[in-house]
Amino acid sequence: LMTVQVNTIREHGGDIDKMIGDAVLALFDGPDAAGQAIASAKMILEQVAAGNHPRGVGIGIYTGEVVSGAIGPADRRDFTVIGDAVNIASRLCSAAGIGELVVDDATAKKAGGEGLGAREDINVKGRRKSLSVCRWHWGPA
């Protein structure tokens, strides 16, 4: 399952920051980062559904600023990204059901929003205001 995710993210120009339990934190950069991230997520969901995997996957995507670099004390330092955008992406991932992609509205608009569901507002932990998102669910046409 992780191999499917990692290979697909890399094929779409993404960089794997880390694997956390059964989650993957990936970064996309550049003028079409939003489109690449969404295309990667859709392909992952399609491949997971088509494969014989023991469990499903839900994906959250959020665009925002992060701090990247060697983080932590000298004896535990790790090159990673931190910040509110990482936290929100994690919350969107938690809001995604199996076979579902949850993308913040701003990212969906940057990518053209094609094939994503209607906008809805959800509450996520750590934010006072609701967040506008679009959902996409993999399923045979």
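Reader: In this predicted model, which residue has a side chain joined to that of Thr8 by a polar contact?

Author: The side chains of Thr8 and its partner lie 2.8 Å apart in this polar contact. Thr8 itself is found in helix α1. The partner in the polar contact is Gln47.

Reader: Is Thr8 buried or exposed?

Author: The relative accessible area of Thr8 is 2%. A residue counts as buried under 20%, and therefore Thr8 is buried.

Reader: How many residues that line the largest pocket are nonpolar?

Author: The largest pocket holds about 1100 Å³ of space. Its lining comprises 43 residues, of which Val24, Leu25, Ala26, Gly60 and Ala89 are the closest to the centre. Elements that give two or more residues to this lining include α1 (2–11), α2 (33–50) and β2 (23–27). Eleven of the lining residues are polar and four are charged, while the nonpolar ones number 28.

Reader: What radius of gyration does the protein chain have, against that of a compact globule?

Author: The chain is built of four helices and eight strands, and its C-alpha atoms fill a box of roughly 50 × 35 × 30 Å along the principal axes. For 141 residues, a compact globule would have a radius of gyration near 14 Å. The value for the protein chain agrees with this, at 15 Å.

Conventions: Residues numbered from 1 in each chain as written. Predicted model: local features only at pLDDT ≥ 70, side-chain atom pairs only at ≥ 80, totals over all residues. Heavy atoms only, no water. 1 Å grid on protein atoms, 1.4 Å probe; cavity = no way out; pocket = protein on both sides within 12 Å on 5 of 7 lines; lining within 4 Å. Points joined across faces, edges and corners; volume = space filled by probe spheres on them. Nonpolar A, V, L, I, M, F, W, Y, C, P; charged D, E, K, R; others polar. Buried < 20%, exposed > 50% of the residue type's maximum accessible area, 1.4 Å probe, protein only. Polar contact = N/O pair within 3.5 Å; in protein donor to acceptor, adjacent residues only side chain to side chain. Rg over C-alpha atoms; globule rule 2.2 N^0.38 Å.
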